[in-house]
Amino acid sequence: MPFFHKGRLASVLAASAILVVALAARFSTLDQVFTPLGLVFPETDPFYHARRILLALRNFPSVIQFDSYVNFPEGARIVWPVGFDLAMAALGAAAGGLHD
């Protein structure tokens, strides 16, 4: 039996088409983020991810789970999963880390 029989080939093509459409949608706003004035985040989430990534890079491989800056002055437990921020901190560490 060939690896790509008719049903599997249709599934692979459908998944590939969905991936291409998703990537096109995701990258369609790049000109709004990378502007002649510099990097502009359209929402607040990227700023907070950048904060967590920088803190994780500074204290690698620990990612903050409680932030005293959120819900100031009490602080708050951070409910976001750490995977993305830890992965970005790992890339930063592999690229040379922080230099104060």
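## Helix α3

The expected span of a helix is 1.5 Å times one less than its number of residues. Helix α3 has 14 residues, and the distance from its first C-alpha to its last is 20 Å, close to the 20 Å expected at 1.5 Å a residue. The model described here is a predicted one.

Helix α3 covers residues 45-58. Its buried residues are Y48, R52, I53, A56 and L57. These buried residues pack against two other elements, β3 and α4.

## Overall form

The protein has four helices and four strands. Read from the N terminus, the order of these elements is α-α-β-β-α-β-β-α.

The C-alpha atoms fill a box of roughly 60 × 35 × 30 Å along the principal axes. The radius of gyration of the protein is 20 Å, whereas a compact globule of 100 residues would have one near 13 Å. Of the 100 residues, 14% are buried. Contacts between residues at least 6 apart in sequence include a 43% share that joins residues at least 24 apart.

## Surface

Helix α1, which covers residues 6-27, gives the patch its largest share, three residues.

## Salt bridges

The count of salt bridges in the protein comes to two. In one of them, the side chains of D67 and R51 meet, with 2.8 Å from N to O. D67 belongs to strand β3 (residues 66-67) and R51 to helix α3, so the pair links distant parts of the chain, 16 residues apart. The two partners can be described by their relative accessible areas. D67 counts as buried because its relative accessibility is 1%, under the 20% cut-off for buried residues. R51 has a relative accessible area of 25% and is therefore partly exposed.

The other salt bridge is formed by R52 and D85, whose closest N and O atoms are 3.1 Å apart. R52 lies in helix α3 and D85 in helix α4, so this pair ties together parts that are 33 residues apart in sequence. Both R52 and D85 are buried.

Leaving aside residues up to four places away in sequence, R52 touches V63, I64, Q65, I78, W80, P81, V82 and D85. Among these contacts is D85, the salt-bridge partner of R52.

## Helix α4 and the residue after it

Helix α4 runs over residues 83-94 and has twelve residues. Its end C-alpha atoms are 16 Å apart, which agrees with the 16 Å that the helix should span at 1.5 Å a residue. D85 lies in this helix, and the buried residues of α3 pack against α4 as well as β3.

G96 follows α4 and has a positive phi, near 125 degrees.

## Backbone features in the loops

Most residues other than glycine have a negative phi, and most peptide bonds are trans. The peptide bond that joins F60 and P61 is cis, with omega at about 5 degrees. P61 is found in the loop between α3 and β3.

The loop between β3 and β4 (76-77) contains P73. The peptide bond from F72 to P73 is also cis, and its omega is near 10 degrees. N71 lies in the loop between β3 and β4 too. N71 is not a glycine, yet its phi is positive, about 55 degrees. With a relative accessibility of 48%, N71 counts as partly exposed, because it falls between the limits of 20% for buried and 50% for exposed residues.

Key: Residues are numbered from 1 along each chain as its sequence is written. This is a predicted model: local features need pLDDT of at least 70, side-chain atom pairs count only at pLDDT 80 or more; totals for chains, interfaces and linings use all residues. Side-chain values use heavy atoms; hydrogens and water are left out. The radius of gyration is taken over C-alpha atoms; the globule rule is 2.2 Å times the number of residues to the power 0.38. Buried means under 20% relative accessible area, exposed over 50%, partly exposed in between (1.4 Å probe, protein chains only). Contact means heavy atoms within 4.5 Å. A salt bridge is a side-chain nitrogen of Lys or Arg within 4 Å of a carboxyl oxygen of Asp or Glu.
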